[in-house]
Each structure stands twice: as C-alpha cells, then as structure tokens.
Amino acid sequence: MAAGRGLCRALGSSPGPAWRHRRPEAGGHPKPEYEAVVIGAGHNGLVAAAYLQRLGVNTVVFERRHVIGGAAVTEEMIPGFKFSRASYLLSLLRPQIYTDLELKKHGLKLHLRNPYSFTPMLEEGAGSMPPRSLLLGTDMMQNKKQIAQFSMKDAQAFPRYEEFMGRLVSAIDPLLDIAPVDLEAFWRGSLLQRLKSLSTLKPLLQAGRILGAQLPQYYQVLTAPITKVLDQWFESEPLKATLATDAVIGAMTSPRTPGSGYVLLHHVMGGLEGTQGAWGYVQGGMGALSEAIASSATAHGASIFTEKPVAKVQVGSEGRVQGVVLQDGLEVRCSVVLSSASPQVTFLKLTPQEWLPEGFVERITQLDTQSPVTKINVAVDRLPNFLAAPNAPQGQPLPHHQCSIHLNCEDTLLLHQAFEDAMSGLPSHRPMIELCIPSSLDPTLAPPGCHVISLFTQYTPYTLAGGKTWDEQERNAYADKVFDCIEAYAPGFKGSVVGRDILTPPDLETIFGLPGGNIFHCAMSLDQLYFARPVPLHSGYCCPIQGLYLCGSGAHPELWFQEEVSWELLDAMRPTWSSGTSRARDAEPSLTQETHP
C-alpha cells in the first residue's frame, strides 16, 4: 500500500479516515455509478475490491448468492452444524494480503494443524497390535520414526526430499505474486514495450539461479508423472501414495499423468503465519475468512450486495467497458469491471460476443475444466474411531483427528485405479478420500460432543456412463460407497451420522459457479498456467476488451493486482487527466513499488 497516497492524488481523492463499516446488503439499492464493479463476492473478488477501495477507488461488489464467499463459505446445512461447505482448508492466502488487509484485526482466527497428515492402513495388526498408520507433522525426527515402520531407507531419504522440494518452492513461489512474461509485447510491441517486457523475465532468471545445477531434476518434477518423481526418492507405497494425494487432489489426473508434479508443488507452496507448507482451519469455518476480507473492504467504503446477479457487461461503441446490467434490469455505470467468475462465465455468458475475437472465444470454450470431486459434508454425534488409532476413553480429539486423513491411499496403484474408473464414466470403486474434522480444533462448529466432517472425495465424472445423471439415487449410492469405505477403517462411523450434504461436480457448478465442478476454474495443467492462463496471449488479468479484467482463480496471478495494472485501471477511469496529473505519477518515487492482492 506504499503507493496508495500517490494513486489517490492521481484520482483526485484522499485516503482519509476509514469509512463507517458496512455489512453486505441483500436486496439493497446500489448507486447508478461507481468507479469499479467486481462481479462475484468470492474471496478473490473480495480481495480485489478491498485493495481498490483502500486506494480510493469507489468499488461495488455484486454477488449472485445470498451469502458472500463463493466457495469459501460457512453454511449451516444441518441445524447446529456449521460446514465449510466447499473450500475447507486455508494455506495459499498470500502473506501480504493477510498483512495489508489487516485480516486479524477484522476477525480472522486460524487453527494450525500439527500433525497434519494421517494415513491408516487396512491390514491385520500383528498380535494384539492395531494396524499400522503413517502420521506426519513438523517434527522431522517423529516423521522419520513413522516412516521407518515401512522403510528405513525412506526414513533417511525423507529429510532430503523435503529440502529438495523446499528449494523448488522458494524458486517458484515468487512467481505467484507477479505478472507473467508479456510475450505479446515482446514480439509485437514498440521498442519501448519490448524493453519493458524484458523486465518480466527477471523473476524467471532469479528462479533459475536458485535452482542452479539441479534445474533438470526440478524440471522433471514439473513435467513428469508424480509416481516417477517419488519412485526416485522412496520405495514404500504408503509414503508415496500419501505424498501423491497432493499431486492429484482436485484434479482429474492420475499419479501416472505427466505434469501431475506441479499440482503437488502448488499444494506445498502455501503457508500460514510464517510456517512454510502449513494448512489450517479457520475459526468459524471458511466463511469467516471471506467475512474478514469483506470487513476490510467495507471498512474503507466498499459496497457489497448479495442476491444481485450480474446479467451482462456493457461495452461501448469504442470497445471500452461502460458498466454492467443486473439480472433485475438495473444498469450500473463504471469505468472498469473485474470478474471473479470463471473465464467461461465471464467471456461466454456475460460479455457481448461481438466484441471478442473468434479465436479467443474458441480457446475459452476449449479450456479443460474436468473435475473429479464430490464433496460430502457430514454431521456426526461422535468422533470416528480408527482401528489404526483407537479413540481416547472420554472421546476427546487426539492428534490424528486434526489431520487430513487419507483413506484408500495405501498404494499409488489404488489412486490410479480410482482415476481409471472415472475415465470410464463411473464413480471410483474405491474412491480416494481426504477426511477432515475441523471441529477437532474448533468446537464452535458443532453441538457439544458432536463434530462436522469434510469428505473431499474423487474420482467422480461430471457425466456418468450409460446415460445416467447425478440424481438423488446416484448421489446417495456414491455417498453410501464412501461411507462403506470409511466404515472399514473406523467401524461404527455409519452409526454416528446425523446428516449429510452431497455435492457432485454438477452441484459444485450450479451452486458455486465452478465450471465442471473444478475448484481451480480450469485445470492446473502446464498448458493452462502462467502466461497461458486462461489462454495464451491473454494471461492473468488481460482480455480483449478495454476495462474488463479477470480477478478469479482462472487468471494468473490468481490473486490479482499489479501496480502497472492499477495505472491501466486508473487511466481507464480518468481518460482526460491533465498533463499535471500525469507528471504527478512520474514525480512519486513510491509508485514503482508493486501491490498485489
């Protein structure tokens, strides 16, 4: 925010004191004109709105649903039980956002998990001993002890693997906060634009320097099947399968799919409160994160309206955004529109097609949005009692209950077979299950003695074979299969269930606007990342219409703002600035600093 005062002077406004806090409004009356409109109150859209408003840009957010947060939402689907209904863990929130938006001040409270991963085995215990399990946390000595149950060689290799991956994270992580290389400017721009585009190569060169002579090995991590990478490090299947879950979770890929290593890297690049790779629960559910971001935005004057779906982006005769039309017919004028909706919704449904190049539209329609995910939210009257780690006598949560609990993950072959089922149009016979119990650390989510359980399961195809559809019968048949699997690891689970909420890929699309049910808006494959996200030559926030920007998961960076872009935005808002105002930009040294939500 160092550049904030200069930007506000350029706008002819002043940051001044914080505006009076305003809650999101349902059924209120928006003003006829704002400087910026954000489509969708998902967490990315709220972040963009919060940063713009802090810079003095009069911003409004229009949300289709009755509640803000998009997929980061808390909903009480069963009386007394509060679910993080879609997104359920926090890690990839950029530290600068946490600080800049003062999210702790606005009520965000986190529960870090240690240990963080638990993989029980389906096997006969030796003698009176329970089945084995693999419990991983931040204590490397304990990790080695756990892994040694399966392989002494792997126990010795694990610290070196973690160091190897940590180095890759340190090289790639900064790329999430910067604009991608501008290839179009480099090849087609003026001499000045070409020279300027060369500066975008600097982060890539810095990444190369960090990786050094091991660059070929790291290249393999990004491009090879994760099974090939893990086979070079380890021999025990329970460890390899546990690590491989991060390479396929949320993605319609097998551990044997080339490029699956990047998805793993994406999931280990996060962190919370200074702890690299940490994932945690949000107090009050994921909706509390969205509420904290919204509170930061409204405290500075942003307006947020729920139950106000946008029907159309208005484009003027010169190809510049003029505003939006809401579904109720209300026209709202603005200079820029930021869409946190998916690229498909933004460009194929909301944008007038006559203003988009035919080739661009074709590329958007061809985006890979396949999703394997069915999310099941479960209310239970007691904790699961795993054979591999029996419950305490009084039923209080034990360390493994706070983990991501991996079921049907003893072998990478099981994951591949589950994927192959979906490729045939069938729900997996033995689905990969990530079971989380956020109420083990946050008792406010459920009545005393009860718990909420998140089941992130795959693989389930969007379109079923044989002409079947995801009706209630198919939903319940799949959920019953998942519950049968859990029962094998934790007998009595099915008897503890109070209620459940089943969200198949079509449900995730309909309710949360996730195309194909894809939690990333489009696949995290190498052909849809960095300067090819969402499509080549239109990466990040750029699009063919002046004043229209993406600020959702389908763009790079996923969390949107760049100082250069802020000037493009402000230029769009103030096309008739005087030369004196323009000189103010050149005279303000702080304006060279970058700002990213």
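Predicted model: local features only at pLDDT ≥ 70, side-chain atom pairs only at ≥ 80, totals over all residues.
1. A search of the whole structure turns up two cavities of 30 Å³ or more. The largest cavity has a volume of about 60 Å³. Its lining consists of F83, S84, Y88, Y281, K375, N377, C436, P438, V452, I453 and S454. The elements giving two or more residues to this lining are β5 (81–84), β17 (373–380) and β20 (451–458). The largest share, three residues, is from β20. Sorted by class, there are seven nonpolar, three polar and one charged residues around the largest cavity.

2. S84, Y88, Y281 and P438 are among the residues around the largest cavity.

3. On the surface, look at the leucines. L191, L195, L198, L201, L204 and L205 make up a nonpolar patch, with about 550 Å² of accessible area together. Two or more residues of the patch come from each of α7 (191–198) and α8 (202–211). Helix α7 gives the most, with three residues.

4. L198 is one member of that patch. L198 sits in helix α7. Its relative accessibility is 40%, so L198 counts as partly exposed.

5. Check the peptide bonds next. N114 and P115 are joined by a cis peptide bond, with omega about 5 degrees. P115 is in the loop between β6 (110–112) and β7 (117–120).

6. A cis bond also runs from Q458 to Y459, where omega is near 25 degrees. Y459 belongs to the loop between β20 and α17 (472–489). Q458 is the end of β20 as numbered, 451–458.

7. Now the backbone angles. E307 has phi near 55 degrees, a positive value in a residue other than glycine. E307 is placed in the loop between β12 (303–306) and β13 (310–315). Is E307 buried or partly exposed? With a relative accessible area of 46%, E307 is partly exposed.

8. N408 also has a positive phi, near 60 degrees, and is a residue other than glycine. N408 lies in the loop between β18 (404–407) and α16 (412–423). The relative accessible area of N408 is 2%, so N408 is buried. The cut-off for buried is under 20%.

Definitions and conventions. Residues numbered from 1 in each chain as written. Heavy atoms only, no water. 1 Å grid on protein atoms, 1.4 Å probe; cavity = no way out; pocket = protein on both sides within 12 Å on 5 of 7 lines; lining within 4 Å. Points joined across faces, edges and corners; volume = space filled by probe spheres on them. Helix = DSSP H or I, 4+ residues; strand = E, 2+ residues; numbered from the N terminus. Nonpolar A, V, L, I, M, F, W, Y, C, P; charged D, E, K, R; others polar. Patch = residues over 30% accessible without salt bridge, like charges linked within 9 Å, V, L, I, M, F, W, Y side chains within 5 Å. Areas by Shrake-Rupley, 256 points an atom, 1.4 Å probe, with all protein chains shown as cover. Salt bridge = Lys/Arg side-chain N within 4 Å of Asp/Glu carboxyl O. Buried < 20%, exposed > 50% of the residue type's maximum accessible area, 1.4 Å probe, protein only.
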